[in-house]
Amino acid sequence: MKPENEKRAFVRVPFRMGTTVRTSDRTIRSGSTLDVSMNGLRVATTEIVPPEGTFCEVEIVLSEAPEPVIIEARGSIVRSKPGTLAVHFSEVDVDSYEHLRQLILNNTEDPERAEKEFGAHWGIRTARPPE
């Protein structure tokens, strides 16, 4: 059940995994993703963070061997302060969408709520595979 004061469209789950955020002028690697949802993430970093509104590409490495499992998304930085940044996803490729969905379901305390949210929100675009 969604708490009354909850304004988020999607449940967030704590998740500690390596993440890379790329902007046009820098690459930020973080070993500490703080939390993730279907439409964004928050990471801790010791690097200088880009300003809010900066377009970025995100990679979350779920596993490396034997076959890498990577969530790839595009979005923009919506919060930027020393030590942390938050990204709002605007595009997620189809495979990454399914990996992200499973990550949320496997780590949330309320999978039923997460499933309802997935069914109620179709706002995130899935990137088309290159032709």
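A: Start with arginine 42. Its relative accessibility is 30%, so it counts as partly exposed. The scale is this: buried is under 20% relative accessible area, exposed is over 50%, and partly exposed lies in between (1.4 Å probe, protein chains only). This is a predicted model, in which local features need pLDDT of at least 70 and side-chain atom pairs count only at pLDDT 80 or more, while totals for chains, interfaces and linings use all residues. Residues are numbered from 1 along each chain as its sequence is written, and side-chain values use heavy atoms, with hydrogens and water left out.

Q: Which side chain does arginine 42 meet in a salt bridge?

A: General idea before the case. Side chains of opposite charge can pair when their charged atoms come close. A salt bridge here is a side-chain nitrogen of Lys or Arg within 4 Å of a carboxyl oxygen of Asp or Glu. Arginine 42 pairs with aspartate 35, at 2.9 Å from N to O. Aspartate 35 has 10% relative accessibility, so it is buried.

Q: How many salt bridges does the structure hold?

A: Five. Take glutamate 57 and arginine 74, whose side chains meet at 3.4 Å, N to O. Glutamate 57 is in strand β6 and arginine 74 in strand β7, so this pair ties together parts 17 residues apart in sequence. Strands (E, at least two residues) and helices (H or I, at least four) are DSSP runs, numbered from the N terminus. Both partners are partly exposed: glutamate 57 at 33%, arginine 74 at 37%.

Q: Which other glutamate does arginine 74 meet in a salt bridge?

A: Glutamate 91, at 3.5 Å from N to O. This pair links distant parts of the chain, with glutamate 91 in strand β8 and arginine 74 in strand β7, 17 residues apart. Glutamate 91 has a relative accessible area of 19%, so it is buried. Through shared partners, salt bridges join Glu57, Arg74 and Glu91 into one network.

Q: Now the interior. Is leucine 41 buried or exposed?

A: Leucine 41 is buried, at 0% relative accessible area. It is found in strand β5, residues 40-44. To read its surroundings, list contacts, meaning heavy atoms within 4.5 Å.

Q: Which residues have the most contacts inside the largest nonpolar core?

A: A nonpolar core is a set of buried Ala, Val, Leu, Ile, Met, Phe, Trp, Tyr and Cys residues joined through side-chain atoms within 4.5 Å. The largest has 27 residues, and Val36, Val58, Phe89 and Ile104 have the most contacts inside it. At least two core residues come from each of β5, β6 (55-63), β7 (69-81), β8 (84-93), α1 (94-107) and α2 (111-120). Helix α1 gives the most, with five.

Q: What pattern does the protein follow along the sequence?

A: The order is β-β-β-β-β-β-β-β-α-α-β, from two helices and nine strands. Of the 131 residues, 40% count as buried. Among contacts with a separation of 6 or more, 54% join residues 24 or more positions apart.
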